[in-house]
Amino acid sequence: MRSSPASEPPLRPVDTLAQMDAIPPEVEPANLIAVTVLGDDRPGIVADVTSALARLGGNLEDSTMTLLRGHFAMVVLLRTPHAGSEVEAVLHPLTDGGQLVVDVRPLPEHDAPDRRGTAYALRVHGADRPGIVATITGVVARHGGNIIDLGTRLGGTMYVLVAELVLPEGGSAEALERELAQVSRDIGVEVHLTPVDDDLL
């Protein structure tokens, strides 16, 4: 990444997002940076974060956002020509008041993972108890399954786990189902494993 001309002012933290000048990208976005935002939920967090990042001229490649027991949680992968310290400076105003915590971390580049295999949707539900996630994911791991998405919710005493996994070529869905059925009886939950239609991916 080449440095900015000396005549241009350096990127600086600002008091409010509205005071930020748009920062035009001068080079092709190269850095991959992970931005994590955690804190008390309120309207407008997503808009504030993404507006600040847009002013850097960056591109949001992947992102996930959810509420966890009233706490906002967001992870964004940002492609930008700017350094992590500059991204952190632009987002710093969001942390005023201590209700949000922002973490900015550059990521190394990796080749896309080999995900050849068959995708399955996994749904688990039953009475809440410790160890449900550890038990179910342990079975998946023993059969070579790669969990690529997972979410859980506790509603009253009912615990629900929904995941998407990929079994490698040569993996046996029948064997996975048999072991899942066995452990589900041991921990008192119901488990359903169904193939994912490729047209929906």
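The strands of the predicted model form an open sheet of 4 strands, in which the order is S2-S3-S1-S4 and the pairing is antiparallel. Strand S2, which spans residues 59-68, and strand S4 stand at the edges of this sheet, and because each has a single partner strand, one side of each is left without a neighbour in the sheet. From one strand to the next, the twist averages 10 degrees.

Two helices pack on this sheet. Helix H1, formed by residues 45-54, touches S1, S2, S3 and S4, and its direction makes about 15 degrees with that of S3. Helix H2, formed by residues 84-91, also packs on the sheet, where it touches S1, S3 and S4, and the direction of H2 makes about 165 degrees with that of S4.

Within the sheet, strand S1 (residues 31-40) runs antiparallel to strand S3 (residues 71-80), and the two are joined by 10 bridges. One of the pairs between these strands is formed by Leu-32, whose bridge partner in S3 is Arg-79. Strand S1 also pairs with strand S4 (residues 100-106), again in the antiparallel sense, over 7 bridges. Along this second pairing, Val-37 stands opposite Val-102 of S4, while Gly-39 has Leu-100 as its bridge partner in S4.

In H1, the buried residues are Ile-45, Val-49, Ala-52 and Leu-53. These residues lie on the same side of H1, because the arc that they cover around the axis is only 100 degrees. The elements that cover the buried residues of H1 include the strands S1, S2, S3 and S4, together with the helix H2. In H2, the residues that are buried are Gly-84, Val-87, Ala-89, Val-90 and Leu-91, and these buried residues pack against the strands S1, S3 and S4 as well as against the helix H1.

Terms used: Residues numbered from 1 in each chain as written. Predicted model: local features only at pLDDT ≥ 70, side-chain atom pairs only at ≥ 80, totals over all residues. Heavy atoms only, no water. Pairing = 2+ DSSP bridges. Axes fitted to C-alpha atoms, helices over the stretch in contact; angles between N-to-C directions. Contact = heavy atoms within 4.5 Å. Buried < 20%, exposed > 50% of the residue type's maximum accessible area, 1.4 Å probe, protein only. Arc of directions from axis to C-beta.
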